[in-house]
Structures are given as structure tokens and as C-alpha cells.
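Please look through the structure shown here.

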Amino acid sequence: MTSTTEKVGVHPHPQRWAVLGVLCLSVMVVVLDNTVLNVAIPSISTGLDASTADVQWMINAYSLALAGLLLTTGSLSDRFGRKRALLAGLALFGTGSAVAAYASSSEALIAARGFMGIGAAVLMPGTLAVLMQLFDDRERPKAIGIWAAVTSLGFAAGPVIGGALIKHFWWGSVFLINVPVAILAITAVALLVPESKDPTVRKPDVLGSILSIIGMVSIVYAVIEVPEHGFGSAEFGVPVAVGLVTMTGFALWERHTADPMLDRGFFRNRRFTGAVASGVLAAFGMAGSLFLLTQHLQGVLGYSPLEAGVRVAPMAIALLVTSNTLGQLVMKLGAGTAMLLGMTIVAAGVALLSIGTTYPPTLAGLILIGVGVGVSQPVAVNALMGSIPPERAGIASGLSGTLTELGSSFGIAVLGALLSARFVASLPDGVPGRSLSEALHSGADITIVREAFSNGMSVSLVIGAIAVFLGGVVASVLLRRA
């Protein structure tokens, strides 16, 4: 009997382009949530009387669950079916969003965000895995380009939608909007997406799953504790030690077990390694930078949430236009050259943000970031997914997502810690520096507070720009050798 996977590989699915639209909608639910949240942070801080640590946990609780589970959920989606994973992930994400919308405390919102992270972890690996099954080598680059472009549309729409919701409704509406989108996506997945799975029968790698979850959660937790306690603290040292020991055990176990969850051959493929390395360093620089930028636009430049959202949108619009108009030209450059070019443009944009005491240089930096990501993202995704066997696409996507989330968490923690240290040091004696909002409402000179925040942000963004540029160099070297 021929498996679904084999049928799809030989005879392209007649509704594959409609299915691609459903996959894009599924991803957009997650993308919208994160970009909407960035704009809503000041309103949530005020509404729940949240500290800077609370705000970072609202973001990082999601990353903690996502990074900790992606390896396991990617493997499970390959084994039990990507369609089932998509449906389960959307249901969990929608439920978590409904709970988050009516959270009455920072702790309740943090818990809901963690639940949403679990849903995203179940959902995400299946999207690219299904795409790999439905499209052959000739159509796959175009499909990946569309997937990347629509994802970019989510980045463009998120800040504007979030700003509009904050202006007309309460902050919980930025989460509630996910619910009808999730319901629509569930309906579309149920009707259109064919089931696919790895045709090879593998035993569940229970110990590998447990070790990977403990290891990744410990490492991400350690990174999250950095802004408040520092790298030399026990709060950082103990969990990072537990994480490193556990992940070493995971690597040894995967090397010797007969049915490993993780294929070590992925790392021997320079195309895969180059794409993942660029994603990690880009996530480090961009996640931390954009986290700081949204606070800067509202707290320093004085924009409302809607105005801030509109002013962030040019980045994603530039990304969308670039990925759709320069796709063929970028492919002719070769993967290595294109990655170096794209990441260098992104690094230049982040560096421009570091001098953005007014909006014009910030606008120029955002446009450069959008153009750079539009050049590099389709190349990276194509290199990643083209370097692995389609039947293992779920675990490969999960591995890539895990490392990218780790990069994002490190970016937010490290750049946030650098900002906090410089911000507090620049404030006059007696002015509280737990958060920008608290300092602004302390009665201190607003001009001095804003200048202190800008100084701290500039240092952090320069570090972020360097990380992004190094990602381009590493990816270029590995992809050229491949």
C-alpha cells in the first residue's frame, strides 16, 4: 500500500496552492501575535502594573515553551502526522489567546503566554514539513518564497493592527483577535490539508524527548534570568549548567540509540548548518533590537501604540516588496553571496537604529532591515529545507526553530541587560530604573530619562548589528563551501 507521503511526492496535490494559503494563514496567527505584542507592551505594563521583569517574562514564557518543545513536537509531527499537529497546535494557541485576553494579573498573562508557546511549538514544524511534501523541486522555491512573503505581511500588519486595537479597545484585544483567525485556520486545515508523515516506522525516543526538553528549558530559563541577576549569578549559572549537562547527555544518547529523534547527519550538511547559523545570529540581533525599539518609539519619541505600529510597518513592507520583486535576481547571486549581502544590509539597518534619536534615521534603518531580510530569508529557508529529506522535515524544522528561539531569547536578554545597565548608570541618583515607564513617572526630568534610555539602547543595538553581520559571514562561508 502506498503511503500518503509517497503519493504526494509522485503526483503533486491538485489543491497544493490552496493548501499553501492555509499553511501561511496558520503561521500568520503566530507571527501576528508576536508583532502585535511588541506594540502592546507599554499598555500591558500600565494596565497590569508590570515591571520590566514581568514584561520580559510575558515575552519569554512563550519562547521558553516554544524552544523547549520544538524538537519533540517536530519529531512527533513526523511520526503521527503533520495535519494532526497543525490542528492540535491551532486549538492550543487559540485557547491560550482567549485566556491571555482576560488575564487579570501579570502572572496569569505569563502563564497564558506559556500555553500559547506550547500551541505554537506543536503547530510550527508542520507548516514547512507539509510544504515540503506537496511541492517538487521545481515548484518548491516559489512556494517557499510565497510562504516567506506572507509571513512578512504578518510582520507588516501586526504593529498596525495592534496599535489600532489598543487605541479603540483594551490591551486584551491584541490576544482576542487570534481566536477567530485560529478557528478559520482550523476549519481550512481540516478541509484542505492532506495528512502526511514519515513512512519509516520509528520507535518513540522517549528519553531523548525528556532530555531535550529539560536541557532547552534550562538554558533558555538561564538566559531569561540574565537581565535581573547577571551572568555571574547562581540564577544564571545553575540552570545553564543543568542545561549543558542535560544536552550533552542528549547528544550522547542520540548517538547510541537505535532510533534517534535527531538525525546527526543534519549538522554534517553545510547548507543546513549555514542556514541555521545565520538564523540564530539574525534572531539574536533582531529580536533584541526590535524589543528595545518599540519601547523607544513610545517612551522616548512619544508615539501612541497606533502611531508606533504605523512607524514600524515600513520595515515589513520593504521586506514584502523585496522578497517578491528581487527573488530571481537574488537566486542568481548564489546562496552564499545573497546571504552575506542580505545580512550586511540588515546589520546596517540595526546600526542606523542606534542613532535614531528622531524618527527619520529610524525609518531608514527599518527600511534597510526589511530589504535585507527580504533578500536573505527566502535563501535561508530554501537552503534549510532543500538540504534535508522530506520525510524528516518536521524534526529538521523543529531543530531550526529551537535554535532560532534560543537566539531570540539570548538577544532579548543580553541586549536588554546591556540597556538596563547603561540606563540605570545614566539616571540621576534616586530615580528608579526598573523600567522606562517607571522612570518617566517618577517626577524626574523627562528629557534626562529619555536621553539615558537612548544612550543605553545605542550600545545594545551596535552589539546587535555586529551579531547580524557575523551571521551573514558564517552563513556565506558555509553555503559557498556547500
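A charge counts as sitting over a ring if NZ of Lys or CZ of Arg is within 6 Å of the ring centre and within 35 degrees of the ring normal. Arg311 meets this for Tyr359, over whose face it lies at 5.7 Å from the ring centre. The model is a predicted one, in which local features need pLDDT of at least 70 and side-chain atom pairs count only at pLDDT 80 or more, while totals for chains, interfaces and linings use all residues. Residues are numbered from 1 along each chain as its sequence is written, and side-chain values use heavy atoms, with hydrogens and water left out.

Rings of Phe, Tyr and Trp (its six-membered ring) pair if their centres lie within 6.5 Å; planes under 30 degrees apart are stacked, over 60 edge-to-face, and the rest tilted. Searching the whole structure gives three aromatic pairs. One of them joins Trp171 and Phe175, edge-to-face at 6.4 Å centre to centre with 85° between the planes. In another, the rings of Tyr303 and Tyr359 have centres 6.2 Å apart and planes at 80°, so this pair is also edge-to-face. Tyr303 lies in the loop between α13 and α14 (305-325) and Tyr359 in helix α17 (residues 359-386), so the pair ties together parts 56 residues apart in sequence.

Buried means under 20% relative accessible area, exposed over 50%, and partly exposed in between (1.4 Å probe, protein chains only). Tyr303 is buried at 18%, and Tyr359 is buried at 16%.

Helices are DSSP runs of H or I with at least four residues, numbered from the N terminus. In α13 (residues 270-300), 24 of the 31 residues are buried. Just after α13, Gly302 takes a positive phi of about 80°.

Notes. Helices (H or I, at least four residues) and strands (E, at least two) are DSSP runs, numbered from the N terminus.
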